[in-house]
Amino acid sequence: MSISRRRFLKWAGAANLALIPGKSAIAASNRHFEGYPQGGGVLFDSTLCIGCRKCEKGCNEVNDFPAPVKPFDDLSVLDERRRTGNTAFTVVNRYKTSDGSDTTAYRKIQCNHCLEPACAAVCFVKAFNKTPTGAVEYDASVCVGCRYCMMACPFDVPTFEYNEAFNPRVQKCTLCQPRLEEGLLPGCVEICPTDALIFGERKKLLKIARNRIENHPDQYIDHIYGEHEMGGTSWLYLSGVPFKELGMKEDLGIKPALEFTSGALSAVPIVIGLWPVLLLGMYGVSKRLDKEALEEQDEAIKVSLENAAEEAAKKLETALNKADKAKKREIETAVKKALAEAESPQEGNEES
Amino acid sequence: MKTKKSAVILTSALLMLFIPYSFNNAISDTGRSGPDVLLIDAMKVFQELERPGVMFPHDLHTKELENRGNDCSVCHLSEDGNLVMKFARLKDIDKEVTLDIYHGKCITCHEESYEANLSTGPVECGECHVVEPKLTASQKLPSFDASLHYRHIKAGKDACDNCHHGYNEETQQKIYTKGEEESCRTCHGPETENEVVSYRLAAHQACVNCHQNTADSGPIACSGCHDAAELDKIEVVENPPRLDRNQPDSTFLKSFANMDTLMMDAVPFNHRVHENSVSSCRTCHHENLDKCEKCHSLTGKKEGNFITLPQAMHDEKSQHGCVACHAQELQEQNCRGCHVLVVNEFGRDTQDCKNCHSVSLELISSLKNDQGEVDIARIEAKAARETRTILKDVPEKIDIGTISEEYEAVFFPHRSIIDALMKGIEGNRLAKHFHQGDNIVCASCHHNSSDELLKPPNCSSCHLTSGGKEAVNIPGLKEAYHQQCFRCHDAMSIKEPASTDCIGCHEQK
């Protein structure tokens, strides 16, 4: 089958049109990833938290971490701005709130287990994986230790085993994935004495959270942190004071991290696919140009050679002609001279 | 604009350089915030201010004049024996005239005082017209509450017309009708409009002049009424007698005009009791002292912004209505302990409606006159005080030992907690009204069991000792206890024992 020029252009045009709106179509669509249907999560209700550090203790025990420098019943550390570490997957900090001089509120920090995790998006060896239980899993066996995940995490959660000489790992809360698989609750949730932490299906947790806000509008900020932040997280937060006062970022937006880069990254396959074609094409074109140049040169030489021969012949002819003429004139002159010589003695004789 | 401003600053700065002398006896009154500091921006009635207004320390001037044996008339003119609040003029007639009055009088006096070697103030432009003044105003607005009002009535020998007046449009005269007194703010708004002066000016004219012309009366200096410390010194009359403006003792708030439009039972409203529990009439009568239904009719009127009577009373935001004001009372420390636990959503239960809508139309129509209304409301109010069931047969203490793990069980003083709560209710008339019925005080802890409050089910019938954590929104037994105790203690500001102090409640095992 032969392709006419017109048909080729039609196809090319259609292909271009399909490519152009590709990016915006994702954003405009009402279909976006809302997490795994039965995905689990934890609801942290800051108004119920009493800052007892039991969750830190629970986490420490289920993960077999070494005992902390300050024991878990020392509550003075709550006022420090602690962050998670490779031997403390969760910490609770206490914050002074604006509504009164001596009122405080607590915030628990751990991996939020994003629905579309930034750590997994940046990992080029796929060490992170969002599982259907809700946990973001980490596979140390493939990790190359680039720590891109630490840079990418909007919540500054993953930490690195800097003190390990061999095979250091990135460490963060696992949502007690191994325990979940056994049908047990995450360590922190199980030990919480006030149910400030409850584990369950994320969708149910959202309903519970909304219910609490609706029933006690005077006690809660009308916002569930984590419902939409960075595309939604498996951990959800309720608070009686603005989340900013608990040191939580309120400027994260609702886009998952990977959407910020998907546009640029989606161009990669196209670039990879197009470069060989482009380069080969350029090579082909330059080769062809070379060949054409050679051919032209040959032609030119041929023509010039032909021309040269013709000209030489012409020159020869003219030269010959000239030579003929010169000879003729010479002969004529010689003849004339001879004739003249022949005539003149006769005249002299006659005179003398 | 900015360049203009900076030009002004630059010029004043240059001028300052060429001033060969400075006022060494000028009163240094810098960096102060006082109740007597007022902003002079009189020129703004004519045009936009060219220079910043002048922060003027009024009491400083009054005191200095007094020291020199002068009185208010140095600065203020009088009209009909009353001081005019404006500076050295009766009215703002002309821009130039007003400008000259201020500049002429202020600067002249300051200069003369300087010559006479008396305390004096600035004379240069930039010294009075300061862009970022160090003098700032900090007036506390006095509250003309029932106590202060009563003291004025007593001092004025029941002559309400000393202050209260109406206005006759035809004769253009102030009139007074007994029983039709209004709040000042009914007519005197935030700004002067036509002949009606602003509330601020009206109050100053009335108060200052009366205080000045009456021996042994209230303060004249700014600080007397606007300084927090001075205000605290004002004697408070406990339980002042009731104001009389022909208002009813009690009335019915009806959500129906007649039988055909019957909607809800009427609400007996005890006007007298509410008078004592609000700071002033304006708490409820926010625009004027007319009856609510004059503007808020059952169908809505333009005067009432088309807010109907039921909407006005049930609005959960407006403090002028019943529901929002009552809900505000729940923030009381005595009330919060329970109400932080129970859902305070108004109207969730039909009992909520019946709490207030308790008098049927038949009953009202059987009454002959207003007196009857008063009587029935009194009956209702009395009933409200007496229908509370006396709590009997409640356990003295409860031993919650079933879930004891790390610590010993708590000795839970069940009876004394109830007694404490009941005491809180007892001392509050509103609380008493809303805590009628069978042991309703039990419901804050024994929630979701309102039908069985006399013998509530065990907590553990819903709150499981294990597995309560699954997201069914029912805490486990231990967690439920902790939540209940901690939230109530927090709300009632019970600091000891702290929530994290386990052995404050439990014995160590």
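This is a predicted model: local features need pLDDT of at least 70, side-chain atom pairs count only at pLDDT 80 or more; totals for chains, interfaces and linings use all residues.

Residues are numbered from 1 along each chain as its sequence is written, chains are lettered from A and ligands numbered from 1 in the order in which they are written, and side-chain values use heavy atoms, with hydrogens and water left out.

**Salt bridges**

Side chains of opposite charge can pair when their charged atoms come close. A salt bridge here is a side-chain nitrogen of Lys or Arg within 4 Å of a carboxyl oxygen of Asp or Glu. Over all chains, the search of the whole structure finds 23 salt bridges. The table includes three of them.

| Pair | Closest N and O atoms |
|---|---|
| Asp79(A) and Arg94(A) | 2.9 Å |
| Arg242(B) and Glu275(B) | 2.7 Å |
| Asp419(B) and Arg415(B) | 3.6 Å |

Helices (H or I, at least four residues) and strands (E, at least two) are DSSP runs, numbered from the N terminus. Asp79(A) forms a salt bridge with Arg94(A). Asp79(A) sits in the loop between α3 (54-62) and β2 (91-96) of chain A and Arg94(A) in strand β2, so the pair ties together parts 15 residues apart in sequence. Asp79(A) is partly exposed, at 46% relative accessibility; buried means under 20% relative accessible area, exposed over 50%, and partly exposed in between (1.4 Å probe, protein chains only).

In chain B, Arg242(B) forms a salt bridge with Glu275(B). This pair links distant parts of the chain, 33 residues apart: Arg242(B) is in the loop between α9 (228-232) and β9 (250-253), and Glu275(B) is in helix α10 (residues 271-277). Arg242(B) is partly exposed at 29%, and Glu275(B) is partly exposed at 22%.

Asp419(B) and Arg415(B) both belong to helix α18 (residues 414-426) of chain B, 4 residues apart, about one turn of the helix.

**Domains 1 and 2 of chain B**

Chain B is divided into four parts by an automatic or database domain assignment, among them domain 1 (18-137) and domain 2 (146-231). The centres of these two domains of chain B, taken over C-alpha atoms, are 26 Å apart. Contact (heavy atoms within 4.5 Å) involves 9 residues of domain 1 of chain B and 12 residues of domain 2 of chain B. Across the interface of domain 1 and domain 2 of chain B, the rule finds 0 salt bridges.
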